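Here is a briefing on one protein model. Look at the structure first, then read the points by topic.

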Amino acid sequence: MQSKISILIPVYNTEKYLHQCLTSAIEQTLEEIEIIVVNDASTDGSLAIIQEFQKKDSRIHLINFTENQGNGIGRNTAIQNATAEYILFLDSDDWLEHNTAELTYNKARANHYQAVVFGYTQHFEFLRKKNKDKLPNYQEGDADFYKYLLMNRKGLYSMPWIYLFSRKLLVENEIKFSKGINFEDVIFVAEALYRIDRIGVINHLPLYNYRIRQHSIMQSTSKKKIDDLYTAHIYLKEFLKEKGIFKQYQEAYLVRFLNDCVAKSFIDYFKMSKNQRDNELHSFMRNIRKSGIMSLKNLTFLGKIHKKLDISEKETIKYYKIYYRFLCAIKYYYLIHKFTFKTNYAFHKLFYYKSKHI
């Protein structure tokens, strides 16, 4: 049986969630699939769980690393070993809807798409929040979807697991994940979507379930994570320049850099313990001021962007406003804002601690 879709799952110490993840893969309504699981030298019971599932389903192929290689190398290795026409990515603490493979495959095949984007549901593990559906509101055929990707708009984001990709697209263009850093997917998705002229959209229901864990890599805070965020966006800028399109997308890149790098890095620094934060934060602030990235011109431009967006992008408008006001507060009232943010963050933690123990 020729596989139509390869589902690629990198695994590292997720035994608590792996059963649900693998079950969602083997129970897909599209039967012509292969499931490539890369165990990245897990030290918990993940390997045993994978091997147990292999006994149940011959479509599961295990690649077992004896030394930890990182998410980027794990995904790249899975792509190299995939044989199906299309590829879906699945993180080992998440799970798919039962018809994800079937719906995305049919969409791609019917319209000869090399990539299809779809929505997902956020599942908050550690906060008393309701699950939240995130559906793309990009309309097929709209001009310049690449600009939306760079600006994190209309459901076009840098997470590879919200896309179905043509394997041929990835292999022939040697599109790979960055090695050794967090945010390895930023350049991967940017390069993949640069190579296509149009993209398919499934926007009527979420097809992926994204678990937000308190102690996951993406929810934790560290100096390395902040540095990796900048490294990923330096790679992105270099890629845009290499392809001769940086000037075309310079404003879109500026919006992304201010929101996703500068604002989020400040927020991450404020979340650190005092010993971690103090010297690093002051150094970071000095470098930001020297770079001129938070110039009055740039912040004024950022402040005008949300006013140009369509009302259908309510959530994007909301976050653009928040980041703009946050950066203005940092620029003009740094010391006051630092104290206010730290106080609010302390109350925030206390509130949720109490609510979880009532």
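Buried means under 20% relative accessible area, exposed means over 50%, and partly exposed lies in between, with a 1.4 Å probe and protein chains only. By that cut-off aspartate 93 counts as buried, at 11% relative accessibility. This is a predicted model: local features need pLDDT of at least 70, side-chain atom pairs count only at pLDDT 80 or more, and totals for chains, interfaces and linings use all residues. Residues are numbered from 1 along each chain as its sequence is written, and side-chain values use heavy atoms, without hydrogens and water.

- Aspartate 93 sits in the loop between E4 and strand E5 (95-96). Strands (E, at least two residues) and helices (H or I, at least four) are DSSP runs, numbered from the N terminus.
- Not counting residues up to four places away in sequence, aspartate 93 touches Thr14, Tyr17, Arg211 and Arg213. Contact means heavy atoms within 4.5 Å.
- Threonine 121 belongs to strand E6 (residues 115-124). At 8% relative accessibility, threonine 121 is buried.
- Neighbours within four places in sequence aside, threonine 121 contacts Asn131, Lys132, Asp133, Pro206, Tyr208, Asn209 and Tyr210.
- Threonine 121 and arginine 211 are 90 residues apart along the chain, yet 8.4 Å separates their C-alpha atoms.

**Helices**

- Nine of the 10 residues of helix H7 (residues 185-194) are buried, so H7 is largely enclosed by the rest of the structure.
- The buried residues of H7 are Asp185, Val186, Ile187, Phe188, Val189, Ala190, Glu191, Ala192 and Leu193.
- Helix H9 (residues 250-271) packs with helix H11 (residues 296-305) at an angle of about 95 degrees, and their axes are 11 Å apart. H9 is therefore roughly perpendicular to H11.
- Axes are lines fitted to C-alpha atoms, for helices over the stretch in contact, and angles run from 0 to 180 degrees between N-to-C directions. Under 35 degrees counts as roughly parallel, over 145 as roughly antiparallel, 65 to 115 as roughly perpendicular, and the rest as oblique.
- H9 brings Glu251, Leu254, Val255, Leu258 and Asn259 to the contact, and H11 brings Asn298, Phe301, Leu302 and Ile305.
- These contact residues divide into six nonpolar, two polar and one charged. Ala, Val, Leu, Ile, Met, Phe, Trp, Tyr, Cys and Pro count as nonpolar, Asp, Glu, Lys and Arg as charged, and the others, Gly among them, as polar.

**Aromatic pairs and cluster**

- The whole structure holds 23 aromatic pairs. Rings of Phe, Tyr and Trp (its six-membered ring) pair if their centres lie within 6.5 Å; planes under 30 degrees apart are stacked, over 60 edge-to-face, and the rest tilted.
- Phenylalanine 89 and phenylalanine 165 form an edge-to-face pair, 6.3 Å centre to centre, with 70 degrees between the planes.
- Phenylalanine 89 lies in strand E4 (residues 86-89) and phenylalanine 165 in strand E8 (residues 163-166), so the pair ties together parts 76 residues apart in sequence.
- Phenylalanine 89 is buried at 1% relative accessible area. Phenylalanine 165 is buried at 0%.
- Tyrosine 319 and tyrosine 323 form a tilted pair, 6.3 Å centre to centre, with 35 degrees between the planes. They are four residues apart in helix H12 (residues 314-332), so about one helical turn separates them.
- Tyrosine 319 is partly exposed at 33%, whereas tyrosine 323 is buried at 13%.
- One aromatic cluster is formed by Tyr230, Phe246, Tyr253, Phe257, Phe266, Tyr269 and Phe284.

**Charges over rings**

- The charged end of lysine 241 sits over the ring of phenylalanine 246, 5.5 Å from its centre. The criterion is NZ of Lys or CZ of Arg within 6 Å of the ring centre and within 35 degrees of the ring normal.
- Lysine 154 lies over the face of tyrosine 148, 5.2 Å from the ring centre.
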